[in-house]
Amino acid sequence: MTITFADISAQLATQAIELPSWAFGNSGTRFKVFSTPGTPRTPQEKIADAAKVHELTGLAPSVALHIPWDKVDDYAALRAFAQDHGVDLGTINSNTFQDDDYKFGSLTHTDDVIRQKAIDHHFECIGVMDATGSRDLKIWLADGTNYPGQGDIRGRQDRMADSLEKIYARIGENQRLVLEYKFFEPAFYHMDVPDWGTSYAQVTALGDKALVCLDTGHHAPGTNIEFIVMQLLRLGKLGSFDFNSRFYADDDLIVGAADPFQLFRIIYEVVRGGGLNNPDVAFMLDQCHNVEDKIPGQIRSVLNVQEMTARALLVDGGALKTAQDAGDVLGANAVLMDAFYTDVRPDLAAWRESRGLPADPMKAYAASGHLAKIAAERVGGQQASWGA
Ligand code: LRH
Ligand code: MN
Ligand code: MN
């Protein structure tokens, strides 16, 4: 049975992708951070920009915060501000990678005073979650070593387990802890959470409210990411995605820009594994916009995810299974490729219009004059992250 766009539109209607506040700040490389006109100066302005993306796409109803980048005095007021703008506050990201004390580690540190400082930071983040109504605490650790022998890699694992246990004990009834992995950088010899297996082992030891976060940019070149997606869903431990694109390393480029086919394959496994529109799996972006405008960059990103979701939903599962069971290698592959090569853009444009959204959100934003307006209003925007 061929699947048509009409068959999948209901599933598209409930899709939600969380935007990172830091995507709206200035960013660059270690060589240069570029600034763009209209860059937000405050967490409130970042939230307002995220709300703009949601207004034009209907796809981005929440914003993730990074603490301390988005530190404010009154988080309940920030939540009210977000809701007034039509979005919610989402995942709270901790940050133990910009303090001199963490040069040799944070949750893995050998010095109990520093390790406790890192644990306390996570307690503070849980306090923020209580005020914002956020469900997820996302932990990504820069911890690792640069040289063989520099650290006791097993001892570091044990200290991390102990630190995570203390943090997990404070996680509320309706809250979760997600542990993100990354195979290298900033540490080059070893990272303390380099891969999904380590994250899985650590969160499994904690309990049901601890899950894995998969950042698509955090794998070695050639890694079969959709296989990891399948496995984590199968194990009930895929908590969230950080979507972005990479060519070489942790490039944080627009999701779907470098390899749309990979994004399609990932989302196909999400659909196959029951992860789509499943509140247990958070879809987030984790991106920076170094040379392109940020609001259109985020609009493009959520549209890319939507487009590949539509294509993945068009895979004819019945025909695929028949071909697989018959050992029809090329037939099975063709079923997948037929869906991938389907141009869903005209159907999505018409569907958006039928829901009161602009047919082409990119064009609508460009025509809106919003960028010129914020450029005139905002002077001296903030850097996204490093060195903020
Ligand atoms: C680390 C990472 C992590 C951070 C974000 C800014 O590379 O992906 O998610 O919180 O970048
Ligand atoms: Mn990430
Ligand atoms: Mn990253």
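Mentor: Of the 388 residues in the chain, 46% count as buried, and keep in mind that we're looking at a predicted model. The chain holds 14 helices and 12 strands. Its C-alpha atoms fill a box of roughly 60 × 60 × 40 Å along the principal axes. A compact globule with 388 residues would have a radius of gyration near 21 Å, and the chain has 21 Å, so the two agree. Now look at contacts between residues at least 6 apart in sequence: 78% of them join residues at least 24 apart.

OK, on to the strand, E11, which covers residues 238-243. Is E11 mostly covered or mostly open? Mostly covered: 6 of its 6 residues are buried.

Where does E11 sit? It belongs to an open sheet of 8 strands, ordered E1-E4-E5-E6-E8-E10-E11-E12, with parallel pairing. The edge strands there are E1 (19-20) and E12, and each of these pairs on one side only. E11 has E10 on one side and E12 on the other in that order. As a reminder, strands of a sheet pair through backbone hydrogen bonds, either parallel or antiparallel.

Take the E10 side to begin with. Strand E10 (residues 210-215) runs parallel to E11, and 4 bridges join them. If you want one pair to find on screen, go to valine 212, whose bridge partner in E11 is leucine 238. To get from E10 to E11 the chain passes through helix H7 (residues 225-234), and this β-α-β crossover is right-handed.

Now the other side. Strand E12 (residues 282-285) also pairs with E11 in the parallel sense, over 4 bridges. Two pairs to click on here: phenylalanine 241 has phenylalanine 283 as its bridge partner in E12, and serine 240 has alanine 282.

Between E11 and H8 you'll find aspartate 252, which has a positive phi of about 55 degrees although it isn't a glycine. Aspartate 252 counts as buried because it has 24 C-beta neighbours inside 10 Å, and the cut-off for buried is 20 or more. In the loop between H8 and E12 sits asparagine 277, again not a glycine, with a positive phi of about 55 degrees. Asparagine 277 has 17 C-beta neighbours inside 10 Å, so it counts as partly exposed.

Last stop, the ligand. Which of the 10 residues around ligand 1 come nearest? They are Asn93, Trp140, Asp215, Asp250 and Asp286. By class, the shell has 2 nonpolar, 2 polar and 6 charged residues.

Notes: Residues numbered from 1 in each chain as written. Chains lettered and ligands numbered in written order. Predicted model: local features only at pLDDT ≥ 70, side-chain atom pairs only at ≥ 80, totals over all residues. Near = placed C-beta within 6 Å. Nonpolar A, V, L, I, M, F, W, Y, C, P; charged D, E, K, R; others polar. Buried ≥ 20, exposed ≤ 12 C-beta atoms within 10 Å, placed from the backbone. Pairing = 2+ DSSP bridges. Right-handed = clockwise from strand over helix to strand, strands pointing away. Rg over C-alpha atoms; globule rule 2.2 N^0.38 Å. Contact = placed C-beta atoms within 7 Å.
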